[in-house]
Amino acid sequence: MGGWEADSELEAWLSKKEDAMVEDITSLVEIPSVSGEQEGSAPYGKTCRAVLYRMLEIAGRYGFTCCSFRDKCAVIRYGNGTKKIGIWGHLDVVPEGTGWLYPPFSCTRKGDFLIGRGVQDNKGPAIAFLYAMRYLKEKGMVPCVTFLQILGCREEVDMEDVSSYLKENPAPEVSFVTDCAFPVCYGEKGICRAEFVSEKLDGNMVLSGGSAVNSIPAYACAKIRSPQGKWKKVEADGISGHAAFPQGANNALGILAERILCKNREENILSDKEERVLKFLKKACGDGYGKELNIACEDHISGVLTASGTVVRMEGEKAVVEMDIRYPVTAKAEDIWRQLENEAGKYGFSIRSFEDNAPSYIDKNTPFVTCLSGAYEEVMKDGKKPYVMGGGTYARKIPNAVGFGPGLEFDWKETGLPMGHGNCHSADEVQSVSNLKTAVKIYVKALQKLDAL
């Protein structure tokens with residue numbers, strides 16, 4: 001069958017299977033699979049185990065051999081070749097947060113768009129790739145290699161699921177992760193997670209905001225005690241977003257700090273220690289690029305550093321601030337740590353913990369990357385080149401791994417959502433059904449090319 005006939009046949013198949021694909025995505029979104037503590041025999045909580053088993057049930061229904069790895073990952077097999085190619089994704093999601101216009105765990109369809117937590121990150125993409133394998137299986141393709149779709153349930157926390165899997169199973173020869181934008185992401189910035197603890201405060205202020213260290217919060221609040229002993233609530237609304245992509249977001253923690261500082265200049269109700277905490281919070285939660293903390297930097301490969309304070313809470317009489325930092329592949333985490341320690345000390349904070357996840361970077365000219373790039377270009381024909389990003393995916397934990405879709409651009413105005421809604425870690429997370437169908441086409445091409453590589 002010629003290329004045009006094959007493309008036309010896939011197009012017709014996708015039109016026929018669209019409703020089923022949406023139903024499968026919906027069945028995953030309906031499970032609030034926020035990865036948490038172990039519950040009984042469920043290592044990341046019962047909802048994560050439930051979503052994992054739901055995915056296995058879906059894949060089994062389409063005739064794939066599949067199993068659970070210690071209830072941490074779902075493993076779906078296509079083919080029996082000795083060479084193994086891994087395709088990784090995740091079924092856990094970040095907490096829903098605040099400000100939703102639609103139910104976060106119902107997968108609402110509005111025209112071409114699905115709205116719900118996980119439709120974009122990463123349940124929708126997991127189903128899109130499964131449907132690429134389903135199509136080829138139904139058309140009789142028997143791969144010369146073994147494709148392993150491996151779906152974890154701890155990606156949004158610490159990626160322990162992948163680390164655990166790779167301790168007991170050999171890594172595939174090459175892998176790609178369905179958790180970023182097309183075409184091919186051949187590198188990821190380093191990720192630092194820092195936790196700051198203030199000195200003991202004077203009991204006039206209680207701060208609260210943020211639910212996940214990698215999400216810029218849209219809401220924060222505080223209670224302030226007046227000289228007369230009465231407590232007053234102060235609130236701040238911002239625009240949520242992924243900490244790796246602060247453009248367009250507006251950190252509610254920084255807004256809250258500025259609001260209280262302005263109030264304190266008028267009423268002088270806080271101690272010097274408490275005022276220093278707010279000044280640090282304002283700096284850490286301001287521009288999103290670390291300029292106020294003197295850690296801003298960039299390189300020609302991966303671009304600028306991003307840095308956002310994303311969580312604040314009280315521990316007794318001390319304030320705790322968590323921060324997410326994505327640094328260029330040529331920068332050094334030790335330099336960032338030293339500068340942060342110096343800046344934090346000026347405001348009565350110390351660094352309690354500092355975790356570094358080193359950058360991931362492979363040669364963009366390898367046959368594997370050029371094969372994936374070719375599959376993308378055959379479908380899209382837009383000339384886009386491989387790139388490096390600030391987001392963190394399983395690719396940084398897996399040997400010989402890159403990111404490969406399925407994010408594609410679309411007109412956000414068509415969603416009818418207000419500014420700040422729709423992104424992967426935001427309220428009203430949105431996914432285009434048309435884009436998912438296009439992703440299936442790209443993945444079908446990629447699987448065919450990889451099988452012949």
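**Exercise 1. Helix α2**

How many residues has helix α2, and what span does it reach from its first C-alpha to its last? State also which of the residues of α2 are buried and how they are arranged about the axis.

*Solution.* The model is predicted.

Step 1. Helix α2 covers residues 46-61, which gives 16 residues. The expected span is 1.5 Å times one less than the number of residues. For α2 the expected value is 22 Å, and the helix reaches 22 Å.

Step 2. The buried residues of α2 are Cys48, Val51, Leu52, Met55, Leu56, Ile58 and Ala59. Viewed down the axis of α2, these buried residues fall within an arc of 160°, so they line one face of the helix. An α-helix has 3.6 residues a turn, so residues three or four places apart point the same way.

Step 3. After α2 comes Gly63, with a positive phi near 90°.

**Exercise 2. The setting of Asp287**

Locate Asp287 and list backbone nitrogens that its side chain reaches.

*Solution.* 

Step 1. Asp287 sits in the loop between α6 (272-284) and β16 (298-299).

Step 2. Its relative accessible area is 31%, so Asp287 is classed as partly exposed.

Step 3. The side chain of Asp287 reaches the backbone nitrogen of Tyr289 at 2.9 Å and that of Gly290 at 3.4 Å. The cut-off for a polar contact is 3.5 Å.

Step 4. Asn251 is 36 residues from Asp287 in sequence, while their C-alpha atoms are 8.5 Å apart.

**Exercise 3. Nonpolar cores**

Which residues of the largest nonpolar core touch the most other members? Describe the contacts of Phe176.

*Solution.* 

Step 1. The largest nonpolar core has 66 residues, and Leu130, Phe147, Phe176 and Phe404 touch the most other members.

Step 2. Leaving out residues up to four places away in sequence, Phe176 touches residues including Trp88, Phe129, Phe368, Phe404 and Tyr443.

Step 3. A second, separate core has 43 residues, among them Phe196, Met205, Leu305 and Ile336.

Note on methods:
Residues are numbered from 1 along each chain as its sequence is written. This is a predicted model: local features need pLDDT of at least 70, side-chain atom pairs count only at pLDDT 80 or more; totals for chains, interfaces and linings use all residues. Side-chain values use heavy atoms; hydrogens and water are left out. Helices (H or I, at least four residues) and strands (E, at least two) are DSSP runs, numbered from the N terminus. Buried means under 20% relative accessible area, exposed over 50%, partly exposed in between (1.4 Å probe, protein chains only). A polar contact is a pair of N or O atoms within 3.5 Å; within protein, one must be able to donate a hydrogen and the other to accept it, and residues adjacent in sequence count only if both atoms are side-chain atoms. A nonpolar core is a set of buried Ala, Val, Leu, Ile, Met, Phe, Trp, Tyr and Cys residues joined through side-chain atoms within 4.5 Å. Contact means heavy atoms within 4.5 Å. The arc is that of the directions from the helix axis to the C-beta atoms.
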